[in-house]
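Here is a colleague's note on the structure shown below. Please read the points with the model open beside them.

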Amino acid sequence: MTTAVQIDELVESASALAARGGRAILGITGAPGAGKSTVGSLIVSALGPERAVLVPMDGFHLANAVLLAKGLRQVKGAIQTFDDAGFASLLLRIRDQQPGEVVYAPSFNRDLEEPIAGSIAVLAEVPLVVTEGNYLLAETGAWPAARACLTESWFLDPDRDRRHHWLINRHMDYGKSAADARLWALGSDENNARLIESMAHRADRVLRVKGL
């Protein structure tokens, strides 16, 4: 069942995770355009760098050269275009991080459309790591190992028309024509969305964020 919430409520829930003691990992998932990065960024900003850090799954996109070699460039963003084993290994390191250890995670540069290695420093004393991405609840490959590292998982379930509108605008912001943006959002992205939405029942909470 989808629960409507305000972003402030989610910040409070995340704050409680950060206060529980030890390392907590919050996973935020949902279809393309669901608002995962927005919610994750708002939570981390509200908690501050001493309490939370954002580690997006998008840092584990395979590089464009690899996708071209595999014939997968036109379906970039599909589940087979990510390094699931690398992501699971990173979450395991983050979960079991030792005092004084720094774990470096990759980010994703949307202007370049490429991952950037070692660009996010995860400090051991930060209690909450927020990770967000499409396939956190998948049951194939190494995704279940990644899911096992999560303290809690949230599935974002926005209005579909609003999600499509936002997604098309995002593609246009990063250089696609209006026609190409719509084709990608309602084609490849929507195919991925159907798979991702079939995983919603595995989340700890299914949420519709008011005003997002």
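Predicted model: local features only at pLDDT ≥ 70, side-chain atom pairs only at ≥ 80, totals over all residues.

1. **The largest pocket: size and centre.** The space in the largest pocket comes to about 720 Å³. Its lining counts 30 residues. Closest to the centre are Asp-58, His-61, Phe-108, Arg-110 and Arg-170. By class, the lining splits into 9 nonpolar, 11 polar and 10 charged residues.

2. **The largest pocket: which elements line it.** Which of them gives the most? H6 does, with 3 residues.

3. **The cavity.** The structure holds 1 cavity of 30 Å³ or more. The volume of the largest cavity is about 40 Å³. Ala-34, Leu-156, Asp-157, Pro-158, Leu-207, Arg-208, Val-209 and Leu-212 line it. Strand E8 (residues 205-209) supplies the largest share of that lining, 3 residues. The lining has 6 nonpolar and 2 charged residues, and no polar ones.

4. **Helix H1: span and buried face.** H1 has 12 residues, which should span 16 Å at 1.5 Å a residue. Its end C-alpha atoms are 16 Å apart, so the two values agree. Leu-10, Val-11, Ala-14, Leu-17 and Ala-18 are the buried residues to look at in H1. Seen down the axis, the buried residues of H1 fall within an arc of 115°, so they line one face of the helix.

5. **Helix H1: surroundings.** The buried residues of H1 pack against strand E1 (2-5), E2, H2, E6, E7 and E8. On the other side of H1, Asp-8 and Glu-12 are exposed.

6. **Helix H2: span and buried face.** H2 covers residues 36-47, 12 residues in all. From first C-alpha to last it reaches 17 Å, close to the 16 Å expected at 1.5 Å a residue. Which residues of H2 are buried? They are Lys-36, Val-39, Gly-40, Ile-43, Val-44 and Leu-47. These cover an arc of only 125° around the axis, which puts them on the same side of H2.

7. **Helix H2: surroundings and end.** The buried residues of H2 pack against helix H1 (7-18) and against E8. Their other partners are strand E2 (24-30), strand E3 (52-54), strand E6 (128-132) and strand E7 (152-156). Gly-48 follows H2, and its phi is positive, near 90°.

8. **Helix H6: span and buried face.** H6 has 14 residues. Its reach from first C-alpha to last is 20 Å, close to the 20 Å expected at 1.5 Å a residue. Arg-163, His-164, Leu-167, Ile-168, Arg-170 and His-171 are the buried residues of H6. They cover an arc of only 160° around the axis, which puts them on the same side of H6. Arg-170 is also one of the residues closest to the centre of the largest pocket.

9. **Helix H6: surroundings.** What do the buried residues of H6 pack against? The partners are helix H7 (178-186) and H8. The face turned away from the buried side carries the exposed residues Asp-161, Arg-162, His-165 and Asp-173.

10. **Thr-81: a buried loop residue.** Thr-81 lies in the loop between helix H3 (64-70) and helix H4 (84-95). Why does Thr-81 count as buried? Its relative accessibility is 0%, and the cut-off for buried is under 20%. Leaving aside neighbours within four places in sequence, Thr-81 is in contact with Phe-60, His-61, Leu-62, Leu-67, Leu-72, Val-75 and Lys-76. Of these contacts, His-61 is also among the residues closest to the centre of the largest pocket.

11. **Gly-118: a strand residue.** Gly-118 lies in strand E5 (residues 114-123). With a relative accessible area of 46%, Gly-118 is partly exposed. Not counting residues up to four places away in sequence, Gly-118 touches Tyr-104, Ala-105 and Pro-106. Gly-118 and Ala-65 are 53 residues apart along the chain, and 19 Å separates their C-alpha atoms.

Note on methods:
Residues numbered from 1 in each chain as written. Heavy atoms only, no water. 1 Å grid on protein atoms, 1.4 Å probe; cavity = no way out; pocket = protein on both sides within 12 Å on 5 of 7 lines; lining within 4 Å. Points joined across faces, edges and corners; volume = space filled by probe spheres on them. Helix = DSSP H or I, 4+ residues; strand = E, 2+ residues; numbered from the N terminus. Nonpolar A, V, L, I, M, F, W, Y, C, P; charged D, E, K, R; others polar. Buried < 20%, exposed > 50% of the residue type's maximum accessible area, 1.4 Å probe, protein only. Contact = heavy atoms within 4.5 Å. Expected span 1.5 Å × (residues − 1). Arc of directions from axis to C-beta.
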